[in-house]
Amino acid sequence: MLAVCLRRGLAAGLAAGILAGLFALVFAEPAMDRAIDREEHHHGEVFSRAQQKGGLILATALYGASAGGIFGLLAARFGERMPARCERGRSLALAGALFAGAVLLPFLKYPPVPPGGSDPSTLAERTAAYLALVVLGPLSVAVAWRLGGRLAEGALRLPAAALSLAALWGLLLVALPSFRGGGGLPGGLVWEFRIASLATQAVLWGGIGLLFGLMGGRGEGAPS
């Protein structure tokens, strides 16, 4: 079962990563291009955008395969506990939980900024704080789901879990340090890049959840 889920996760993640890379190439790269043009204009730096764009899909494919592998291992361990009756529903529920904890929560606290939009002197601190949220986010989702089960049963469990999650996220958002971002870039450009980045992650995790669920079946050892 573990090996089957791992293989399915790697395959789903690889395909979803390629799809996310194509999405980013169309929707996120234009904002990146404009930000880099401004940075070159102000600092005289030279970037090989052709090489960066050429490696984008490869990078997202590798990232997707890694994320899919982790997803497969978690699905083997916790998939049966997801609040859905079918394999595809459980897979999408798990993908949604991971997206919420590992992507959405860090985005709310530390939304990405294009080149030239952040302070280089705080890079180490920002990276450490961001990675802390990437780890604590999924844990907070799991804790909230357990708390919801203890506070309520049946149809009330989900609202109870949502309230618990909101409280946990509020604590994390307040407790972790804040950093100023955006620099001298136009606000519209920054938010265009941020929304495109978040949408790319949504394509990745939605693709993993959907493809993993579609590849499931009785013959692979996973209930449907």
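Which residues does tyrosine 110 touch, not counting residues up to four places away in sequence?

**View 1. The predicted chain as a whole.** The model is predicted: local features need pLDDT of at least 70, side-chain atom pairs count only at pLDDT 80 or more, and totals for chains, interfaces and linings use all residues. Residues are numbered from 1 along each chain as its sequence is written, and side-chain values use heavy atoms, with hydrogens and water left out. The chain has seven helices and zero strands, where helices (H or I, at least four residues) and strands (E, at least two) are DSSP runs numbered from the N terminus. Along the sequence this reads α-α-α-α-α-α-α. Of the 224 residues, 38% are buried (under 20% relative accessible area; exposed is over 50% and partly exposed in between, with a 1.4 Å probe and protein chains only). Among contacts (heavy atoms within 4.5 Å) with a separation of 6 or more, 81% join residues 24 or more positions apart.

View 2. The axes of H4 (residues 87-109) and H7 (residues 187-215) come within 8 Å and cross at roughly 155 degrees. Axes are lines fitted to C-alpha atoms, for helices over the stretch in contact, and angles run from 0 to 180 degrees between N-to-C directions. H4 is therefore roughly antiparallel to H7, given that angles over 145 degrees count as roughly antiparallel, under 35 as roughly parallel, 65 to 115 as roughly perpendicular and the rest as oblique. The crossing of H4 past H7 is right-handed (the near helix is turned clockwise from the far one by less than a right angle; anticlockwise is left-handed). By class, this contact of H4 with H7 has 14 nonpolar, five polar and three charged residues; Ala, Val, Leu, Ile, Met, Phe, Trp, Tyr, Cys and Pro count as nonpolar, Asp, Glu, Lys and Arg as charged, and the others, Gly among them, as polar.

Beyond four places in sequence, phenylalanine 71 touches Ser91, Leu94, Ala95, Leu98, Trp205, Ile208, Gly209 and Phe212.

**View 3. Helix H4 against helix H6.** H4 and H6 pack at about 45 degrees with their axes 10 Å apart, so H4 is oblique to H6. H4 passes H6 in a right-handed crossing. Ala100, Gly101, Leu104, Leu105, Leu108 and Lys109 of H4 meet Trp169, Leu172 and Leu173 of H6. These residues divide into seven nonpolar, one polar and one charged.

View 4. Tyrosine 110 lies in the loop between H4 and helix H5 (123-151). Its relative accessible area is 11%, so tyrosine 110 is buried. Beyond four places in sequence, tyrosine 110 touches Ala129, Tyr130, Leu133, Leu176, Pro177 and Phe179.

**View 5. Proline 159 in helix H6.** Proline 159 lies in H6 (residues 157-175). With a relative accessible area of 43%, proline 159 is partly exposed. Its C-alpha atom is separated by 9.9 Å from that of tryptophan 145, 14 residues apart along the chain.
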